[in-house]
Amino acid sequence: MDIQKISLQETVGGKTITLQTGTIAKQAGGSVTTHLGETITISAATANQQPKEVSFVPLTSDYRERTYAAGRIPGGFFKREARPREKETLTSRLIDRPIRPLFPEGWNYETMVQTIVLSSDLENDPDVVAINGASCALLLSDIPWNGPVSAVRIARVDGQFVLFPTFEQRETAELELVVAGKKGALLMVEGAAAEVSEEIFSEALSIASQAIDSLCALQLKVLAASQAAGRAVAKREIKPVKAPQHVEELVTARLLKPIKDALRAKLDKHGLDSAIKGLKEPLKTELEERGKSDPQWADSARWVSHIVEDILYRESRSLTLVDRVRPDGRGFEEIRPITISLPVLPRVHGSVLFTRGQTQALVTTTLGTPGDMQVMDVLEGEYKERFLLHYNFPAFSVGEVRPERGPGRREIGHGALARRSLAGLLPPEEEFPYTVRVVSEILDSNGSSSMASVCGGSLALFDAGVPMKAACAGIAMGLVLEAGKYAILTDIAGIEDHNGDMDFKVAGTRKGITGFQMDMKIEGLSIQILKEALDQAKRGRLFILDKMDAAIAKPREQLSQFAPRLYRLQIPVDKIGALIGPGGKNIRRLIETYGVSVDVEDDGSVYVGGVDPLGCDQARAEVEALTMEAEVGKIYKGHVVSIKEFGAFVEIFPGREGLLHISQIDTKRVARVEDVLKEGDEVEVKCLEVDDSGKIRLSRKAVIAPGSELSSPGPRRDNDGGGGRGGPRGGGHHRGGRGR
């Protein structure tokens, strides 16, 4: 039957969120449109009817932005949306992370939650809207799921907290985070800050939690209204497939004690993996042989790995909660040994090898010109990004074999987290106009390679001479929570991440937090425990910063000899055309002649960059000359470029010619111009007039006989490029004579 539209709304922080269902996408398992202002998304949740033999939740969260939502047509040749942009990939992860922990154990039906942005008012970001819509769609479907989940974005602007801030408000926010959770419990936190304190961070979480409770209640109202309207959907029953009891008893009896012993042996990652493999494989072989002759044990070998994983999960958690010991023997706040080497690559502008325990990152910094900035194409339009951070995770870092197919969601997400943590510490563009690229190559991984990338990125930027505001370190926090007992762990290793309940990454300076990301594997976390984790993370962060300061305490005074020198000049906007020249002729000549790059911005900013300082100086002088204005009364040294019957045209600086009339060539009468001048001659002339159309009238006679003609003598000015070596230098040199 046709379902009547259900539309309910809730106001939080002065913003109205509306959920609608019942009229569109009826064949999906559950569907809903979510509205914030004139930004609208549609979310649909559907699961296959047949299960898959997997040991994880086969969930795919997919978020896509249609450019028609913002009244735009896609760029490119095909004029349609193709592979997801970085924003779409990050938002897909943002949706996935809070909803994944709430699927019941044993759910192995392939599930997809899709979100499409239908309308964008260019004020409200659809990403957080989409999390609420995805949750409501799951709630309305036949998929067994322990929701609802709600999410808000909260920012601190001018000292005040703002829920669902606009894009404009976010530009000036000192704190911005996305918080998702259930009623009374948090599931995900992600965002960035300008060195804010843990107290401000905690206050933001408390405000966000109250809004989350209200939005969760709204979703439950939508569910109740849908059921009342006749769309009551029964949730599917789950029948988890378990190992036969006799197989589980045998494996437990044989391997429980050896696994306990292995966990208490303080082995590293490879040592523990080898020990567990040495226990599993002989038993699997034994059960395979037994199954050939005894039907009761047929196919029993396939359960060994599952049972061992369960034992490892229980015993590693018991070791932490009961024995108060970590698998590698560390104390709860103890950080693994840290070593720092820099620089490590001879031709790279900045490089460091950062090692913490069995996690190792080779991080490099490359400085480029404004022309190297990346053009970012997002729903709201295009913009240029001057700071790039790319994270690579090759298979050998965890001893695996797989081909490299470009960055996946994990690589993009980890890189975005590290970038957020460092971006706010870069100097302003007007002070340091370089494009900056940081690349983190993970060479070994056993716990929080993203935070190693933050530490390594900060060190590599220091090594490159980037005048950062402060050093930045990152730490990954873990949690084991069971039956009212809990343990917060600093600097978690892989096994603690895998078997724990929380992965909370915090990055910052000595002054405060700059970046963070929290994910839960259980159904929520109290704010009180999160506050304790924040305090413990601060102590760990300060410890790492001490180690980093011992390696390099401040940015290097000099840039690498292989880094480009970059000069910034400001020219009148109406002179941009003269600088570029017809068809880009002038710009191309500068680039080819001096081996430099020349980038011109719409506001008249000109950036001259190159490795050769002399070439940069010469090119900069020509840029100044090309955009100079002739001044009446000044004397210029020019070159005769053409001879006419009525006089000669003299180029007084590149691209600017004036007329030297035959009557102004000499103090005595000149019959023919060629009697005194020829093309290529160097001649000193005085500027007599610049008319309204920009035409210049020159006089050689006024130089030969000062006081003659119409103008009084002016100061002599050689055309050495507009001020010469001692003239303006686009704002001056920056730090130790290096160009900006």
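Tutor: Start with a term. A polar contact is a pair of N or O atoms within 3.5 Å; within protein, one atom must be able to donate a hydrogen and the other to accept it. Keep in mind that this is a predicted model.

Now find K235. This lysine lies in the loop between helix 4 and helix 5 (245-263). The side chain of K235 reaches the backbone oxygen of L139 at 3.1 Å. The side chain also reaches the backbone oxygen of I143, at 3.0 Å. Follow the chain from I143 to K235 and you cover 92 residues, yet their C-alpha atoms are 5.7 Å apart in space. Beyond four places in sequence, K235 is in contact with L138, L139, S141, D142, I143 and P144. How exposed is K235? Its relative accessibility is 36%, between the 20% and 50% cut-offs, so K235 counts as partly exposed.

Compare another loop lysine, K575. This one sits in the loop between strand 22 (565-570) and helix 12 (576-580). Its relative accessible area is 12%, under the 20% limit, so K575 is buried. Past its neighbours within four places in sequence, K575 is in contact with T627 and E629.

Next, take helix 14, residues 613-626. Its 14 residues reach 20 Å from first C-alpha to last, close to the 20 Å expected. The helix is mostly covered, with 11 of its 14 residues buried. Among them are G615, C616, D617, R620 and E624. What covers these buried residues? The cover includes strand 22, helix 12, helix 13 (585-594), strand 24 (605-610) and strand 26 (647-653). Now look at R620, one of the buried residues. R620 lies over the face of Y567, at 4.7 Å from the ring centre. Elsewhere, R290 lies over the face of W297, at 4.6 Å from the ring centre.

Rings can also meet rings. A pair of aromatic rings is described by the distance of the centres and the angle of the planes. The whole structure holds 5 aromatic pairs. In one of them, the rings of F201 and F516 have centres 4.5 Å apart and planes at 70°, so the pair is edge-to-face. This pair links distant parts of the chain: F201 is in helix 4 (198-228), F516 is in strand 21 (513-520), and 315 residues separate them. Both F201 and F516 are buried. Another pair joins F646 and F649: the centres are 6.3 Å apart and the planes stand at 90°, so this pair is edge-to-face too. At 41% relative accessibility, F646 counts as partly exposed. F649, with a relative accessible area of 25%, is partly exposed as well.

Helix 1, residues 86-99, is mostly covered: 12 of its 14 residues are buried. The helix reaches 21 Å end to end between C-alphas, close to the 20 Å expected.

Last, how far should you trust the picture? The protein averages a pLDDT of 88, and 94% of the residues score at least 70. Residues 710-740 stay under 50. Where pLDDT is low, the predicted coordinates should not be read in detail.

Note on methods: Residues numbered from 1 in each chain as written. Predicted model: local features only at pLDDT ≥ 70, side-chain atom pairs only at ≥ 80, totals over all residues. Heavy atoms only, no water. pLDDT = per-residue confidence, 0-100. Contact = heavy atoms within 4.5 Å. Helix = DSSP H or I, 4+ residues; strand = E, 2+ residues; numbered from the N terminus. Expected span 1.5 Å × (residues − 1). Buried < 20%, exposed > 50% of the residue type's maximum accessible area, 1.4 Å probe, protein only. Phe/Tyr/Trp six-rings, centres within 6.5 Å; stacked < 30°, edge-to-face > 60°. Lys NZ or Arg CZ within 6 Å of the ring centre and 35° of its normal.
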